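Subject: Handover of a structure, with notes

Dear colleague,

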Amino acid sequence: MFNNLMKKITKEKLVEKTKLLKGEVLENIEKNKKKFLITSLSVFMVLCITVCAVFSNGINALVSSRENDEIYQSEITYQVDEDIVYEIVKDDFDHSGVEAFGVYIDDEFFAAVENADQLDFLLNGMVILKKNNLRAESSLIQEKIFYVSGKYNKEDIIDYKDFKSLILAQQDDVVSYKVKTKDTLDSVSQIFNVPGEEILALNSLTAPEEVKPGTVLKIKLKESVINIKSVSTQDYDVEVPYSVTQQPNDDMYVGEENYIVKGENGIINHIDKVEFVNDTEVVREKISETVKKEVVNEVVEVGTKEAGVPTNNFIWPVPAISNITSGFGPRWGTVHQGIDIANGSYGSTIVASDGGVVTCASNTNNGYGIHVIIDHGNGYQTLYGHASQVFVSVGEQVAQGEPIAAIGNTGNSTGPHLHFEIIENFVKVNPLGYL
């Protein structure tokens with residue numbers, strides 16, 4: 001692919017150029033206006049293109065490539081006039097300096113390094129790591145980066161470790177930067193996009209003139225030096241919660257529920273195209289939404305009848321037993337003031353004949369044994385005697401039909417049964433006239 005990119009620049013013409021003096025080079029540039037294809041390092045496998053010419057310092061160089069590398073064409077290819085390249089790099093050469101590679105980020109001289117392979121390895125690694133971490137289809141360095149080989153002032157050359165620390169630094173990191181020979185406070189501020197006054201303050205400096213070549217500055221970054229744009233396709237499911245519709249039921253007590261339709265959450269599959277800069281999501285484009293499971297909305301009946309509120313109608317207190325063994329009235333030379341319900345079934349459930357408040361739930365010595373009394377609040381009370389155990393406590397509000405005790409044989413009793421009374425305005429009456 002590299003050969004296709006470089007067809008317009010032949011090695012022979014470039015070799016010929018290296019034989020020209022400065023004036024001839026510039027004249028030739030002016031006449032031909034050939035285009036250099038300076039390919040960004042924003043590629044999956046980065047290709048280093050070394051761009052040089054014969055400048056005033058007498059540097060000889062060629063446009064070269066590593067032809068054996070496996071490469072992929074960048075999505076961004078910069079076309080730069082030769083005279084523009086010359087203007088970018090001319091002031092950074094030092095004919096008495098040290099051979100190195102000048103690194104340019106967005107057309108600004110950043111630093112010089114001795115080994116371009118290490119730089120390739122570093123930038124490739126950053127791109128590949130980001131691509132893998134985000135599971136991205138593509139990851140590209142956003143900045144325009146190219147190298148220029150030549151001789152540089154030794155003060156402008158930094159070792160790989162320091163270069164790596166600068167390139168890998170993230171927002172809010174504090175980095176160390178060695179001031180280059182032609183740096184000023186303004187140029188350093190521009191390189192890192194950090195206000196000059198902040199750089200001075202962090203380094204306990206008071207004037208721009210104190211920023212001198214060779215000085216090592218601490219700089220707190222506001223953004224990364226190198227930013228990687230990644231694009232990934234995200235495939236994920238989202239649960240859609242069901243809604244609940246309540247239907248009031250006057251025949252049910254508050255707290256009681258009856259599900260007509262049980263709710264089920266739905267599932268929607270989303271496919272999005274997501275763009276990141278470094279690890280920050282910047283753009284999300286919805287590609288598709290597919291319903292994998294429909295929502296089933298819930299419908300439930302809820303009781304509205306208040307517990308403890310009388311209905312003014314009494315119900316049979318032992319649903320499982322209908323046999324009366326002793327009625328209301330004269331018995332054994334006295335008056336039996338209730339009815340006995342039994343069939344020999346010990347432990348059968350006793351329910352509240354109507355709603356009300358429990359005023360007694362205990363064992364007394366008055367012949368009733370373990371018994372419950374409910375005040376219905378409308379002039380009526382009911383009594384449930386000879387129980388084996390109670391399920392309620394004094395002060396508790398109970399609803400009509402709610403279990404309150406179990407049939408037993410406590411107190412003055414000749415066998416397991418319920419002694420049931422209805423009391424109207426403190427007068428005991430025959431329950432059969434009210435059930």
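I begin with Lys 178, which sits in strand S7 (residues 174-178); strands here are DSSP runs of E with at least two residues, helices are runs of H or I with at least four, and both are numbered from the N terminus. Please keep in mind that this is a predicted model, in which local features need pLDDT of at least 70 and side-chain atom pairs count only at pLDDT 80 or more, while totals for chains, interfaces and linings use all residues. Residues are numbered from 1 along each chain as its sequence is written, and side-chain values use heavy atoms, with hydrogens and water left out.

Lys 178 and its surroundings

With a relative accessibility of 31%, Lys 178 counts as partly exposed, a class that lies between buried (under 20% relative accessible area) and exposed (over 50%), computed with a 1.4 Å probe on protein chains only. Once residues up to four places away in sequence are set aside, Lys 178 touches Glu 155, Asp 183, Gly 214, Thr 215 and Val 216, where contact means heavy atoms within 4.5 Å. Glu 155 is 23 residues from Lys 178 along the chain, and their C-alpha atoms are separated by 8.5 Å. The side chains of Lys 178 and Glu 155 also make a polar contact at 3.4 Å; the term stands for a pair of N or O atoms within 3.5 Å, of which, within protein, one must be able to donate a hydrogen and the other to accept it, and residues adjacent in sequence count only if both atoms are side-chain atoms.

The chain as a whole

The protein chain holds eight helices and 26 strands, and buried residues make up 43% of its 435 residues. Of the contacts in the chain with a separation of 6 or more, 72% are between residues 24 or more positions apart.

The helix pair H5 and H6

Two packed helices are described by the angle between their axes and the distance between the axes. For helix H5 (residues 116-133) and helix H6 (residues 160-168), the axes come within 11 Å and cross at roughly 25 degrees, the axes being lines fitted to C-alpha atoms over the stretch in contact and the angles running from 0 to 180 degrees between N-to-C directions. H5 and H6 are therefore roughly parallel to each other, since angles under 35 degrees count as such, whereas those over 145 are roughly antiparallel, those from 65 to 115 roughly perpendicular and the rest oblique. On the H5 side, the residues that meet H6 are Gln 118, Leu 119, Phe 121, Leu 122, Leu 123 and Met 126, and their partners in H6 are Tyr 160, Phe 163, Lys 164, Ile 167 and Leu 168. By class, this contact of H5 with H6 has nine nonpolar, one polar and one charged residues.

His 371 belongs to strand S21 (residues 370-375) and is buried, with a relative accessible area of 2%. A polar atom of the His 371 side chain lies 2.9 Å from the backbone oxygen of Gly 369. Neighbours within four places in sequence aside, the contacts of His 371 include Cys 360, Asn 366, Leu 383, Tyr 384 and Val 390.

Asn 378 is found in the loop between S21 and strand S22 (380-390) and is partly exposed at a relative accessible area of 28%. Apart from residues up to four places away in sequence, Asn 378 touches Pro 310 and Asn 312. Pro 310 is 68 residues from Asn 378 in sequence and 7.5 Å from it in space, C-alpha to C-alpha, while the side chain of Asn 312 makes a polar contact with that of Asn 378 at 2.5 Å.

Further loop residues

Phe 391, in the loop between S22 and strand S23 (397-398), is partly exposed, with a relative accessible area of 40%. Its contacts beyond four places in sequence are with Pro 403, Ile 404, Ala 405 and Ala 406, and the C-alpha atoms of Phe 391 and Pro 403 are separated by 7.0 Å.

Asn 425 lies in the loop between strand S25 (418-424) and strand S26 (427-429), and Phe 426 lies in the loop between S25 and S26 as well. Phi is near 50 degrees for Asn 425, a positive value in a residue other than glycine, and near 70 degrees for Phe 426, again a positive value in a residue other than glycine. Asn 425 is exposed at a relative accessible area of 51%, and Phe 426 counts as exposed at 79% relative accessibility.

Definitions and conventions:
Nonpolar A, V, L, I, M, F, W, Y, C, P; charged D, E, K, R; others polar.
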